[in-house]
Amino acid sequence: MPIMNGLKMLEILRSSKYKNQKILILTIHNEVEYLMKAIDIGVEGYVLKDSDSSILKKAIYKVHAGEKYIDSSMVPLMNERIAQEKEKLDESFLWLSDG
């Protein structure tokens with residue numbers, strides 16, 4: 001996007017009169033950080049642009065039905081990130097309980 005990136009646009013949409021609209025992102029970004037930020041902002045679907053058209057179609061139907069959809073190639077990266085964050089939290093709680 002020439003003026004702003006997609007995440008900034010998501011933030012604007014979520015803070016506007018369109019905040020309750022379902023949003024499916026079609027993106028080139030295959031970095032887990034971008035995905036996690038999009039999830040934090042409240043996106044319902046995330047599909048990579050190099051995905052097959054059948055994947056995009058499936059994502060559209062899922063999001064329209066009120067479900068979430070994450071491109072299957074991103075799921076292992078997302079799960080790994082969640083596990084890392086959980087481990088950090090577990091270590092923090094262990095440290096607090098020892099203190």
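1. A residue is called buried here when its relative accessible area is under 20%. The structure under discussion is a predicted model. An α-helix has 3.6 residues a turn, so residues three or four places apart point the same way.

2. At the N-terminal end, helix 1 is capped by asparagine 5, a side-chain oxygen of which lies 3.0 Å from the backbone nitrogen of leucine 7.

3. Threonine 27 belongs to strand 1 (residues 24-27). Its relative accessible area is 5%, under the 20% cut-off, and threonine 27 is therefore buried. The side chain of threonine 27 reaches the backbone nitrogen of histidine 29 at 3.0 Å. Beyond four places in sequence, threonine 27 touches Tyr34, Tyr46, Val47, Leu48 and Lys49.

4. Strand 2 (residues 45-48) is covered on both faces: Gly45 and Val47 are buried on one side, Tyr46 and Leu48 on the other. Strand 2 pairs with strand 1 in the parallel sense over four bridges, and leucine 26 stands opposite valine 47. Strand 2 also runs parallel to strand 3 (residues 69-70), joined to it by two bridges, with glycine 45 opposite tyrosine 69.

5. Strand 1, helix 2 and strand 2 form a right-handed β-α-β unit. The β-α-β crossover from strand 2 through helix 3 (residues 53-64) to strand 3, however, is left-handed.

Definitions and conventions
Residues numbered from 1 in each chain as written. Predicted model: local features only at pLDDT ≥ 70, side-chain atom pairs only at ≥ 80, totals over all residues. Heavy atoms only, no water. Buried < 20%, exposed > 50% of the residue type's maximum accessible area, 1.4 Å probe, protein only. Polar contact = N/O pair within 3.5 Å; in protein donor to acceptor, adjacent residues only side chain to side chain. Contact = heavy atoms within 4.5 Å. Pairing = 2+ DSSP bridges. Right-handed = clockwise from strand over helix to strand, strands pointing away.
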